[in-house]
Amino acid sequence: MKLHAQLSLPERSVDLTLAVEAGRTLALLGPNGAGKSTALASIAGLLRPLSGLITLDERTLFSGNDSSSGEWVPPHSRGVALLAQEARLFPHLSVLDNVAFGPRSAGMPRGRARELAREWLAQVDAEEFADRRPAALSGGQAQRVAIARALATEPQLLLLDEPLSALDVESAPAIRQLLRRVLKDRSTILVTHDILDAVLLADDVAVLESGMVVEQGPTSRVLTRPTSGFAARIAGLNLVRGTAYGTTVSTSAGLRIEGLPEEALGEGQAAVAVFSPNAVGVYREAPSGSPRNVVRGTVTDLEPHGHQVRVHTAYLSADITPAALAELAIGPGDEVVFTIKASEVAVYAA
Amino acid sequence: MFVPAAVGALFVVLPLVAMLTRIEWASFGTLITSDSSRAALALSLRTSVASTVLCIVFGVPMALVLARTEFRGQSIARSLVLLPLVLPPVVGGIALLYTFGRRGLLGHTIEVLGLQIAFSTTAVVMAQTFVALPFLVVSLEGALRTGGQRFEEVAATLGARPTTVFLRVTLPLVLPGLASGAVLAFARALGEFGATITFAGSLQGVTRTLPLEIYLQRETDPQAAVALSLVLVVVATVVIALTRRSRTAL
């Protein structure tokens, strides 16, 4: 099923357009309060946008503008299942009846609905919990059951709102594997904070900031060639946004980064310079020699990053070895000089 | 902290104990099985059950509207619904009389229909419902609000229609709240005095409930009044005990 959703909720400062191609998974990324959950609730029918148009294939789920009321399909007739952070299993029903709830609501007799529920529990490796009460399950077990319950309704569109964020580190990988298996060929929107979820589960990525889509495209492209600060941050890249002058990107704050443009850029065109923290050298004094980009800054934070240490300044970050850090003897508040070889900087239009 | 708590508890318990000491156990049996006592007890139980049922029938939709919808003037509506909680029952009785009494607002309409409500058993039930309804609405609305809409939203996205959501999700989840609300309403109806005597009067077997009987007996036969009071205490205790059992079983 192909989803098109154009939503406007001015009271929540949300105004965006999303599209999910049939059988693909779209990851929604963005900082807290960017409007991700609002978008999901609108598509599920739990929230009514002021205006917009939501269609699932040929079916219109919502249409309306400021003046007329338009069309509105209630949540129970949308064929859109929503899976939240917490499993939200009905506490008064057994695990089996939780999974059978959807088919029963669609009018299936109890016996057949339970049979179907058993099959779905088997799909998520949770058969042995069938007769338990939800209160007797761990977080990971409950989320498995919630996935089975959502899938048992045969939804045309599946909405996942940070399905792994409430789980402990031990159970998250197994659920991620399970989702990878069941999301194949299903139209899905996945809200996540985790780069790993985007890479492993999503075909496409849309980045939301302040209620708007700032970037959208195939996952691999967005993560290797981000044009938004948020996408660059979760991809672990430095991104400097500004205007292009020749091979240089200049920011309004006066930062100038020279790089290798992938295609010819017009003078004054909006562009970004993107480079890995690995490509950044860190010094206390500006060195003389070949690297052409020199950026001064104040260290704001140091954090371990794999076998290296990531040095943050207000705009950029750099990865250096612990030995190099010891030699530099820098800490938060110290002035440093970052150098970046122009050949390591990708410059493209944004 | 413990001292004021103990004083408070003593304040509640001591009068009950004092009452127990005044009971003449020898004549207890005959006192509470007299015709008038038995009639009053039976009437009290019958009317209290009826008004509890009415409270559920009207109170559940009222609590749902207050907890699950938003409309203009909702807080005013809530205050009005809760008014009988703070209103002196006598005032409630007078208000009912001027609404449903023979010369009341709706009195003429009712008379045309061939009914007369004031000073009948129906009036007793209405007076009890009037004072007991807020108890059910308050506790059920509280249960609905603390339960939240999380489960109802999930149920809707799983394809359940609003009626299915209500019957299979909302209602089972607030059942404890509904039960305790119903018990409170029943207890309030059982003890109702002021509105009843104003609106329904005191006719033996028709409108003279147990509290009215106790009040009347106190003037002529204090021993009987004390004995009947104990009966009321026992009934109330049994009701509370039963609901606590059923709540822990849930």
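Helices (H or I, at least four residues) and strands (E, at least two) are DSSP runs, numbered from the N terminus. By that rule, B:Phe151 sits in helix α8 of chain B, residues 150–157. This is a predicted model: local features need pLDDT of at least 70, side-chain atom pairs count only at pLDDT 80 or more, and totals for chains, interfaces and linings use all residues. Residues are numbered from 1 along each chain as its sequence is written, while chains are lettered from A and ligands numbered from 1 in the order in which they are written.

**B:Phe151**
- Neighbours within four places in sequence aside, B:Phe151 is in contact (C-beta atoms, placed from the backbone, within 7 Å) with A:Arg88, A:Phe90, B:Val169 and B:Leu173.
- B:Glu24 is 127 residues from B:Phe151 in sequence and 56 Å away in space, C-alpha to C-alpha.

**Contact between chains A and B**
- Chain B supplies 14 residues and chain A 16 residues.
- On the chain B side, α8 and α9 (162–191) each give two or more residues.
- α8(B) gives the most, with 6 residues.

**Helix α1 of chain B**
- Helix α1 (residues 2–21) has 20 residues and reaches 27 Å from first C-alpha to last, close to the 28 Å expected at 1.5 Å a residue, taken as 1.5 Å times one less than the number of residues.
- α1(B) bends by about 30° at B:Val13, the angle between axes fitted to the seven residues ending there and the seven starting there.
- A proline, B:Pro15, follows within four residues.

Technical notes: Contact = placed C-beta atoms within 7 Å.
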